[in-house]
Structure formats: structure tokens, C-alpha cells
Amino acid sequence: MNGEERKILISSIVLVVTLILVVVGTTYAFFSLQIEGEETTTNVELTAGEQNEITLSGGITNYHINLDVSDMTEDKKGTSYYGTTDSNKKYEKEWVSALQDIGTFTKKGTLTEEYGCYVDINIDLGGNMAGLLRDNELFLYVQQREGIGMNHDLSEDTGKQEFEFNLSNSNMEPIQAYLVFYNTYNDQSYLAGKELTVSIKIDNFRCINTPHVFPE
């Protein structure tokens, strides 16, 4: 198979993505977490000092990347395809458009200090493409604010992934994420006609009264 032929063999690649925010009730040294009713909303009550409350909520639907043979031809090698929630689009061409708020923080009252916080990001792959992905094909990027993020290569980084960030009066930025699929410079014909479901659940939100120190 020559270089021109190998891309044209890709008939279809479909990525169906569901991003879900899930919260779990538990108790930590400085915050008490509980679920209210049936909603996936966490109330975070500060038990040291003033009684302040942070709520974590969110989730998105219809986030997808739909690729066909025209996206995987030889002349498109090196192209990045980003997820979108726009039902009229197959994908986004820029990461800025693909970045979605998947977890939003709101606070009641004033926080007395900066906190180091965590969530667990649970990544599950399904469909007949799961297990076929190779390095540098599909990535999930998660950030809480610009410069504080993690890149997950979904050929290996699945299951539970811990994500850490800080929260304070001046930093209540949401948790954001995007997916990106690469038309690589290698033969990807093994993905022809395959489908993949990516399920991302965020849970186990907890904080301590010591902020994380991130590299400059």
C-alpha cells in the first residue's frame, strides 16, 4: 500500500461523546459534601471558620466528533478535529471553539482562604474502536483555568484520573474540557468503519485548606 492509498481506505470514523457530571456525597476535613434531591449538584459547606458554601454543577450533552472519508484522506494528514455540541457541525477546527464548561463553581458568602481541590475524572471507552486506538490519536484535555490543565491520551489514560486545582474568592473558574482526534502521519486504516463512545464522569469533589503549588 502506498502513501496515497492508505488514507482513502478510511470509510468512516464516528466518535460519540457523552460528558456527565456526577457528584458523590462524602465528608472531608474542611468541607461537607452532600447531594440535594435527585439533582447532580454538590453543596460544599466550609466547616472551619465562617459557614461558606460552594456548589459544583454541570455536564453537557451532544458533544461529538463525526469523521468520514473526506476527513481522513492523505492531503488531510496532520489535521486536528475537535469536539462540538453544534448539531449542524461534524467537529470544530479550533480548540477554543471546542472547549466546554463541564463543571461550574458558585459560592455563597466569602471564602476565608485559598483551597486545594480535587475531582476524579472517570473515562470509559466503548464501541468497536475501543482497544484499537494508538498513541497520539485521541486526547481529552481538562483544565480549571488557563495553564492549569491535564492532557489524557485515550489510548492509555482511561479509568480514574485525579485532577487538582485551587479555588479562592478570586479564582472560581469552571472545569473545562475538549476532545481532539488527530489524522496522523501513520496508517490509520485499522479504524475504518469503527465507532467509539467516550463517557466522562466527574465525581468525588473534595478540598483541603492547603492550595496546590503549580509550576510557573
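## Nonpolar core

The largest nonpolar core has 47 residues, and Phe105, Val119, Ile121, Leu140, Phe165, Val198 and Phe205 touch the most other members. Such a core is a set of buried Ala, Val, Leu, Ile, Met, Phe, Trp, Tyr and Cys residues joined through side-chain atoms within 4.5 Å. Buried means under 20% relative accessible area, exposed over 50%, partly exposed in between (1.4 Å probe, protein chains only).

The model is predicted: local features need pLDDT of at least 70, side-chain atom pairs count only at pLDDT 80 or more, and totals for chains, interfaces and linings use all residues. Residues are numbered from 1 along each chain as its sequence is written, and side-chain values use heavy atoms, without hydrogens and water.

Beyond its neighbours within four places in sequence, Phe105 has contacts (heavy atoms within 4.5 Å) that include Ile54, Leu56, Phe165, Met172 and Phe205.

## Disulfide

The whole structure holds one disulfide (a pair of cysteine sulfur atoms within 2.5 Å). Cys117 is joined to Cys207, S to S 2.0 Å. The link is right-handed, with 105° about the S-S bond. Cys117 lies in strand β9 (residues 115-126) and Cys207 in strand β14 (residues 194-208), 90 residues apart. Strands are DSSP runs (E, at least two residues), numbered from the N terminus. Both Cys117 and Cys207 are buried.

## Strand β13

Seven of the eight residues of β13 (residues 175-182) are buried, so the strand is largely enclosed by the rest of the structure. Strands pair if DSSP finds at least two bridges between them.

β10 (residues 138-145) pairs with β13 in the antiparallel sense over six bridges. Tyr141 has Tyr178 as its bridge partner there. β8 (residues 100-108) is also antiparallel to β13, over three bridges, and Gln100 stands opposite Ala177. β7 (residues 80-82) pairs antiparallel with β13 over three bridges; Ser80 faces Tyr182.

Notes
Helix = DSSP H or I, 4+ residues; strand = E, 2+ residues; numbered from the N terminus.
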